[in-house]
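Visitor: I'd like a close look at just one part of this protein, with the terms spelled out as we go. Could you pick a spot and walk me through what surrounds it?

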Amino acid sequence: MALATSVTPGSDFSAISPYLQVRESARAKRLALRVEPQSRCVYLVVPQRTSLATAYQFALSYKDWIADKTGKFLHSKPFEDGTVLPIFGEDSTLRHIPTSSARTKIYFAAEGPYKGDLCVESSESIVPARVEKFLKSHAHRIMEPWMREKAALIQNLRKPAPNHSPRKTTAAATISKADLLRLMGIKSPAFKARATSIPKPTSTPILKIKDMKSRWGSCAVSGEISLSWRLIFAPIVAADYVIAHEVAHLVHHNHSPSFWTLCRELSRDFDEGTRWMKRHGSELMVYGLEGS
Ligand SMILES: [Zn+2]
């Protein structure tokens with residue numbers, strides 16, 4: 001496509017936004033804008049039969065919307081020395097600690113000057129892919145017992161057997177029962193009484209941590225719950241709401257009023273959680289993006 005070079009007056013798309021890219025599509029039925037934070041682009045999808053002049057007017061009418069979306073690209077937080085990462089709402093600075101060892105070590109410092117920080121001991125500079133891999137497994141370590149505790153609330157308050165083998169972790173990376181209960185908040189006695197009448201999920205949930213592009217979680221009928229690893233950058237109430245949402249789907253595979261009632265009951269703070277995800281959810285995508 002030579003669209004960029006065939007610019008006629010009034011069709012300079014880059015004047016609308018430097019991030020705007022035009023894509024002609026044989027399959028598309030209508031004009032659409034697609035934001036892709038990973039590639040720092042907003043794609044204007046143009047059906048074959050639509051003129052560029054029409055496409056230009058369409059994009060122009062969304063100029064503010066595009067600016068709002070791409071403004072977030074500028075606040076990208078690359079995985080490099082000094083970047084502050086909010087790990088479940090608590091700031092943790094990414095630190096590169098040079099070492100002569102050929103082996104890279106990544107851990108949350110439990111003590112010392114970098115207490116609470118995410119340290120990367122490495123002979124070379126920080127490799128973003130290594131940090132991402134570490135954070136994915138950390139997200140799994142934290143969110144799996146979190147999900148299980150919530151599922152236990154609807155399995156007649158019986159605990160599922162801990163049949164998963166805990167991974168080897170540093171002290172700071174494991175989660176204690178007390179921390180977990182603090183994460184979840186305490187459920188009201190009224191809910192505990194009602195919990196026995198809620199249908200049991202047909203299966204014990206299995207958690208998969210994924211890199212999801214357009215949603216934060218999903219729940220398959222088989223009981224497999226998928227959560228985005230990026231929830232690690234959300235405050236506790238927000239991640240808690242997403243987990244509650246997917247766990248509630250173990251019982252109700254729909255968004256019926258009964259689903260929402262249960263979702264609310266399983267959430268630590270449903271209103272605050274949903275509000276945060278609605279307002280700030282897209283910001284979770286900026287972590288790990290290369291700087292502008
Ligand atoms: Zn849902």
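Guide: Let's start with a term: a residue is called buried if 20 or more other C-beta atoms lie within 10 Å of its own, exposed if 12 or fewer, and partly exposed in between, with C-beta atoms placed from the backbone. By that count Leu 207 is buried, because 22 other C-beta atoms lie within 10 Å. Before going on, note that this is a predicted model: local features need pLDDT of at least 70, side-chain atom pairs count only at pLDDT 80 or more, and totals for chains, interfaces and linings use all residues. Numbering runs from 1 along each chain as its sequence is written.

Leu 207 sits in strand E8, residues 206-210 (helices, H or I with at least four residues, and strands, E with at least two, are DSSP runs numbered from the N terminus). Leaving out residues up to four places away in sequence, Leu 207 touches His 140, Met 143, Glu 144, Met 147, Ile 225 and Leu 227; two residues are in contact if their C-beta atoms, placed from the backbone, lie within 7 Å. Take Met 143: it is 64 residues from Leu 207 in sequence, yet the C-alpha atoms are 8.3 Å apart.

Met 143 also leads us to a helix pair, as one of the H4 residues in the contact with H7. Two packed helices are described by the angle between their axes and the distance between the axes. For H4 (residues 128-154) and H7 (residues 236-248), the axes come within 10 Å and cross at roughly 50°, which makes H4 oblique to H7. Axes here are lines fitted to C-alpha atoms, for helices over the stretch in contact, and angles run from 0 to 180 degrees between N-to-C directions. Under 35 degrees counts as roughly parallel, over 145 as roughly antiparallel, 65 to 115 as roughly perpendicular, and the rest as oblique.

On the H4 side, the contact uses Met 143, Trp 146, Met 147, Lys 150 and Ala 151, while H7 brings Ile 243, Ala 244 and Val 247. Sorted by class, that's seven nonpolar, no polar and one charged residues (Ala, Val, Leu, Ile, Met, Phe, Trp, Tyr, Cys and Pro count as nonpolar, Asp, Glu, Lys and Arg as charged, and the others, Gly among them, as polar).

For context, buried residues make up 25% of the 292 residues in the protein chain, and the chain has nine helices and ten strands.
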